[in-house]
Amino acid sequence: MSSSGKNTEHTNPVLRISQLDALELNKALEQLVWSQFTRCFHGFKPGLLARFEPEVKAFLWLFLWRFTIYSKNATVGQSIMNIQYKNDFSQTQKYQPLSKNQKLWYAICTIGGRWLEERCYDLFHNHHLASFYKIKQCTNFIVGLLKLSSLVNFLIFLQKGKFATLTERLLGIRSVFCKPQNIREVGFEYMNRELLWHGFAEFLIFLLPLINIQKLKGKLSSWCIPITGVPNSDNKLATHGKECSLCGEWPTMPHTIGCIHVFCYYCVKSSYLFDMYFTCPKCGIEVRSLQPLKSGIEMSEVNAP
C-alpha cells in the first residue's frame, strides 16, 4: 500500500506555472552557456564563430541533452523545480521513465529543429535563385504551421495543464514531480514587520515636510537659554554682532530683527521668506522688523573683544 501510494504521489499533476518556470530556466541556462562559450573566442578574429554558429550551438545543446534528458529524464530547469519527464503512453499509474526512442526524438525535434531553422535561413538568405524561392516558400509555410500548432498547444495547455510544448504532446512525455510535495508552511511575521516598517516610513515621508525644523530648533534653543529681555544698548548689540547667528560667520550687511543678535542680510532674508514666522535661533524672538545695524555702532566697537 505504501509503495503504491508513493508511486501515485510521484505522478501527481504539476502546476502550470512550475512547468513554464522550468522552460524559462532552460532558456536562461542556454544563454548563459553560449555567452560563456563565446568568451573563450574573445581574442580571436571577429566573426570566427558566425559561419559555424548553428553547428556549434547544436553541439552544445546536444552535450546538455546527454547529461540531462538522456541520463536523468529531466532538464536543468525541471531538476530545480523538482520535476521530471514521465512516459505518458504507459497505461500504469506507476512512474515510467522515457524510452530511448522518446529521448532520441526529443533531441531531433528540439536540437535538430532549431539547427535546421537557422541553417535554412542562412541558406536562403545567401541564395536568391528562382529554384530556391519555391523551397523557401514551402519552408516558411511549414514553419508557420508549426508556430500555429505551438500556439494551439499552448492554449490547450493553459486549459488542461499538460504538455507545455508541442514536442511533449507529440512524443507523449509529461511533467511529474520527482519527490512527493510537502505542504508549505508560510510565516507572516517577516511580512508583517516589513509592512509595518513601510507604513511608518511613508508616514514620516508625509509628515516631515510639514514640520519647520528651523523654527523647532529655535524653540528648543529658547527653552534651554532663558530670555532676559531685549536690551537696547549699543554695547550689547556690538557684543553679539561679531558673528551671524545663523551661519556663524562675520555678518555681511549686518541686520537685526529686534533682538540683540545680528544676522547676515541674505541669511535672515532667505529664512524670513521661507518662514514668515521666523524666530531668532538664539533667543526665540519673532521677527518684528528687519533693520540694518545702526550706523552709530562703529566697526571698531564690533571688533572689540
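User: Hey, is Ser 245 buried or exposed?
Analyst: In this predicted model, Ser 245 has 12% relative accessibility, so it counts as buried, the cut-off being under 20%.

User: Where is Ser 245 found?
Analyst: Ser 245 is in the loop between α11 (234–239) and β3 (255–256).

User: And which residues is Ser 245 in contact with, leaving aside neighbours within four places in sequence?
Analyst: His 261, Val 262, Phe 263, Pro 281 and Lys 282.

User: What does UniProt list for residues 244–283?
Analyst: An unreviewed UniProt entry gives residues 244–283 as "domain: RING-type". In the model, that stretch is 25% helix and 5% strand, and its end C-alpha atoms lie 14 Å apart.

User: Switching topic: at what angle do α2 and α3 pack?
Analyst: Helix α2 (residues 16–39) and helix α3 (residues 53–67) pack at about 120°, and their axes are 11 Å apart. The two helices are therefore oblique to each other.

User: Nice. Is that crossing left-handed or right-handed?
Analyst: The crossing of α2 and α3 is right-handed.

User: Which residues make the contact?
Analyst: From α2, they are Glu 30, Val 33, Trp 34 and Phe 37. On the α3 side you'll find Glu 53, Val 56, Lys 57, Leu 60 and Trp 61.

User: How many of those are nonpolar, polar or charged?
Analyst: The contact of α2 with α3 has six nonpolar residues and three charged ones, with no polar residues.

Key. Residues numbered from 1 in each chain as written. Predicted model: local features only at pLDDT ≥ 70, side-chain atom pairs only at ≥ 80, totals over all residues. Heavy atoms only, no water. Helix = DSSP H or I, 4+ residues; strand = E, 2+ residues; numbered from the N terminus. Buried < 20%, exposed > 50% of the residue type's maximum accessible area, 1.4 Å probe, protein only. Contact = heavy atoms within 4.5 Å. UniProt positions renumbered as here; feature names shortened; annotations may be inferred. Axes fitted to C-alpha atoms, helices over the stretch in contact; angles between N-to-C directions. Parallel < 35°, antiparallel > 145°, perpendicular 65-115°, else oblique. Left-handed = near helix turned anticlockwise from the far one by under 90°. Nonpolar A, V, L, I, M, F, W, Y, C, P; charged D, E, K, R; others polar.
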